[in-house]
Amino acid sequence: MVLPTLNSSRLRIRDWKASDVPALWNFAKDPRVGPSAGWRSHCSLEDSANAMSVYRQLGIWAVALRENDLVIGTLELTDDKRRKGLRTLELGYALSPSYWGRGLMSEAVRTALGYVFYVKDVQMVSAYCQPENVRSIQLLESCGFRYEGTLRGMFRRFDGAALDMRCYSILPE
């Protein structure tokens, strides 16, 4: 799948390049990143290369700094299979802890929302996060998402644990 490149003041949201594997590995191996997004931390560069291949097939963007094109995160807007009958996408993201607290993922999310709402004519974007993931809750609320409720045991994590997930959504303005 070919992804468009989206630019914001500090970020380039783009398709993946083979040279991105070490940067992906750099944050995907951190145990603070993958498990909160529902995936196992990467154990090798090969894990990151394999994940990147899957990301390209699924249409998951690389989030890179505009100044040097260093990949610092991922962003996905894929079909929300839980909402039938609407053109609804599900938002997912991961960011290197080295860049937490700088407003970068909020900037990436707002940029991508503008694209899907006004170029792709999507009717709704949903997002789900674990109740203890305070950073994601704050990010979603700061981007205008509304809390809809908590779905108990909604998500099966890589280790088999059934996790509760807070559900959020946003409509075009």
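The legends below describe several close-up views of one predicted model.

The model is predicted, so local features need pLDDT of at least 70 and side-chain atom pairs count only at pLDDT 80 or more, whereas totals for chains, interfaces and linings use all residues. Residues are numbered from 1 along each chain as its sequence is written, and side-chain values use heavy atoms, with hydrogens and water left out.

Figure 1. Eight strands form an open sheet of mixed pairing, in the order β1-β2-β3-β4-β5-β6-β8-β7. Strands (E, at least two residues) and helices (H or I, at least four residues) are DSSP runs, numbered from the N terminus. Two strands pair if DSSP finds at least two bridges between them. Strands of a sheet pair through backbone hydrogen bonds, either parallel or antiparallel. The edge strands are β1 (6–7) and β7 (146–156), each of which pairs on one side only. Helix α4 (residues 104–118) packs on the sheet and touches β1, β2 (11–14), β3 (60–65), β4, β5, β6 (124–129) and β8 (162–170). The direction of α4 makes about 35 degrees with that of β4; axes are lines fitted to C-alpha atoms, for helices over the stretch in contact, and angles run from 0 to 180 degrees between N-to-C directions. Contact means heavy atoms within 4.5 Å.

**Figure 2. Antiparallel neighbours in the sheet.** Strands β1 and β2 run antiparallel and are joined by two bridges, and a hairpin connects β1 to β2 through three residues. Within this pair, N7 stands opposite R12 in β2. Strands β2 and β3 also run antiparallel, with four bridges between them; here R14 stands opposite A62 in β3. Seven bridges join β4 to the antiparallel strand β5 (residues 88–95), and the bridge partner of T74 is A94 in β5.

**Figure 3. The buried side of helix α1.** In α1 (residues 21–28), the residues V21, A23, L24, F27 and A28 are buried. Buried means under 20% relative accessible area, exposed means over 50%, and partly exposed lies in between (1.4 Å probe, protein chains only). These residues cover an arc of only 165 degrees around the axis, which puts them on the same side of α1; the arc is that of the directions from the helix axis to the C-beta atoms. What covers the buried residues of α1 includes α3 (45–58) and β4 (71–79).

**Figure 4. M52 in helix α3.** M52 lies in helix α3. Is M52 buried or exposed? M52 is buried, because its relative accessible area is 8%. Leaving aside its neighbours within four places in sequence, M52 is in contact with W16, K17, A18, D20, V21 and L24. M52 and L70 are 18 residues apart in sequence, and their C-alpha atoms are 15 Å apart in space.

**Figure 5. D79 in strand β4.** D79 has its place in strand β4 and is exposed, with a relative accessible area of 54%. Leaving aside its neighbours within four places in sequence, D79 is in contact with T88, L89 and E90. The C-alpha atoms of D79 and S98 are separated by 29 Å, although the two residues are 19 residues apart along the chain.

**Figure 6. Helix α5 and the residue that follows.** In α5 (134–142), the residues S136, I137, L139 and L140 are buried. They cover an arc of only 165 degrees around the axis, which puts them on the same side of α5. What covers the buried residues of α5 includes β5, α4, β6 and β8. Just after α5, G144 takes a positive phi of about 95 degrees.

**Figure 7. Two loop residues with positive phi.** D69, in the loop between β3 and β4, has a phi near 65 degrees, a positive value in a residue other than glycine. D121, in the loop between α4 and β6, has a positive phi of about 60 degrees although it is not a glycine. At 47% relative accessibility, D121 counts as partly exposed.

**Figure 8. The largest pocket.** The volume of the largest pocket is about 1100 Å³. Of the 41 residues that line the largest pocket, the closest to its centre are S36, A37, G92, Y93 and A94. On a 1 Å grid over the protein atoms alone, a pocket is an open set of points where a 1.4 Å probe fits, with protein on both sides within 12 Å along at least five of seven lines, and lining residues have an atom within 4 Å of a point. Grid points are joined across faces, edges and corners, and a volume is the space filled by probe spheres set on the points. The largest share of the lining, six residues, comes from β5.
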